[in-house]
Amino acid sequence: MEKEKLKLTSSEIGTLWGEYINGTAVDIVNRYMVSIIEDEQIKALFEDAIKTFEKQKQQIVTFIKNEGFPVPIGFNESDLFKDKPRLFTDIFCLNYLHIMTLHGLLGHSTSLAVSVREDLRYFYDSCDNDGKRMYHQTIDLLLEKGSFQRDPLFYPSKNPEYVSSQDFTDGFFGKGRKLAATEIISISFNLKKSIMAKTLSIAFSQVAQTKEVRKFLTDSQNTADGQIKTFSKIMQKDNLPVPKSWETEVTNSTDSPFSDKLMLYHIGFLFQAAQNYHGAGLASSMRTDLVTAYEGTILKNLLVTKKWYNLMVQNKWLEQPPLAPNRTEIAKQV
């Protein structure tokens, strides 16, 4: 079959649908942030991010329409309340763009991995290139501003070594060893993501318009805070520094720039995405206390996402992705 005549598979349609929903949510936040940012260098990065997504969004819409699927609703100008007071500092906005760029890079890689049709593969290639460019730019600017938080430094040993004792896995009774560099990858990564989720939960809870959404955001803040404390304690036990918090980068504003639907979705997305990262951390952990910490964190996140799902459905805010054909119902129509 000629490659240009290949129909998109369910997985390919699913990635496009997810890229559209998540992309439009972040785009609305970016549009608010660019309106309040005073630093010209940071503002320029956000303007670039907005233009880049607009180009990607148009291509996603074309792919979806050409396959005969309805374009998702996602998020739009109705979810952004303009001319509202500043809710975040400039430096938090830059950190937000950096973290969301990381999410985008990982999402594009997954989308590329399940794509077969050539035009879609090249589209995700271009998205990945855009994401890598923004990744470098956000890091460079954070370093220039003195605000990039690097992971702990290790000092080299003289020679490579093999594991020589079962104590290597012990993390509870003090007989084992210090954290491995391979374990710190996920700990540090997850700490930064949890700090972002907590900070956004604090900000959103200040401005949420409905009681039930505000309560969920407060609960998610407490859940993220518990996860930060759990993994920070493990790092500090080995005398390693932990990333700083960003709570002070949130102003005292109580005037919401976003719809409750957008804020609720955004926090749910962060907790859902965190499950992938915590799962990766669990898979790479060889110390028993780390395994226990990740298992507990994953279970608590499941409780958060269950509450999130119920609240989204209750408010009719959860958009349904394309479903497999219901063969039973189709047969009844014959």
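Select Ile50 and, leaving aside neighbours within four places in sequence, you'll find it in contact (heavy atoms within 4.5 Å) with Asp27, Asn30, Arg31 and Val34. Before going on, note that this is a predicted model, where local features need pLDDT of at least 70, side-chain atom pairs count only at pLDDT 80 or more, and totals for chains, interfaces and linings use all residues. Residues are numbered from 1 along each chain as its sequence is written, and side-chain values use heavy atoms, with hydrogens and water left out.

Back to Ile50, which sits in helix 2; helices here are DSSP runs of H or I with at least four residues, numbered from the N terminus. Is Ile50 buried or exposed? It counts as buried, at 13% relative accessibility; buried means under 20% relative accessible area, exposed over 50% and partly exposed in between, using a 1.4 Å probe and protein chains only. Draw a C-alpha to C-alpha distance from Ile50 to Asp27: 6.5 Å in space, for 23 residues apart in sequence.

**Next stop: helix 1 against helix 3**

Show these two helices together. They pack at an angle of about 165 degrees with axes 11 Å apart; the axes are lines fitted to C-alpha atoms over the stretch in contact, and angles run from 0 to 180 degrees between N-to-C directions. Helix 1 and helix 3 are therefore roughly antiparallel, the label for angles over 145 degrees, while angles under 35 count as roughly parallel, 65 to 115 as roughly perpendicular and the rest as oblique. Their crossing is left-handed, meaning that the near helix is turned anticlockwise from the far one by less than a right angle. On the helix 1 side, pick residues including Thr15, Glu19 and Met33; on the helix 3 side, Cys93, Tyr96 and Ser111 are among them.

Zoom in on Ser111 of helix 3. Ser111 is buried, with a relative accessible area of 4%, and touches Thr15, Glu19 and Tyr124, not counting residues up to four places away in sequence.

**Now the nonpolar cores**

A nonpolar core is a set of buried Ala, Val, Leu, Ile, Met, Phe, Trp, Tyr and Cys residues joined through side-chain atoms within 4.5 Å. Which members of the largest one touch the most other members? Out of 70 residues, select Met33, Phe88, Tyr96, Leu200, Phe204 and Phe258. Elements giving two or more residues to this core include helix 1 (10-36), helix 5 (181-207) and helix 8 (288-314). A second, separate core has 12 residues, with Leu8, Tyr20, Tyr124 and Cys127 among them.

Centre on Leu200 and show its surroundings: setting aside residues up to four places away in sequence, Leu200 touches Phe88, Phe92, Tyr96, His266, Ile267 and Leu270.

Take helix 5 with helix 6. Their axes come within 8 Å and cross at roughly 155 degrees, so helix 5 and helix 6 are roughly antiparallel, in a left-handed crossing. Residues to pick include Leu191, Lys198 and Phe204 in helix 5, and Leu217, Gln221 and Phe231 in helix 6.
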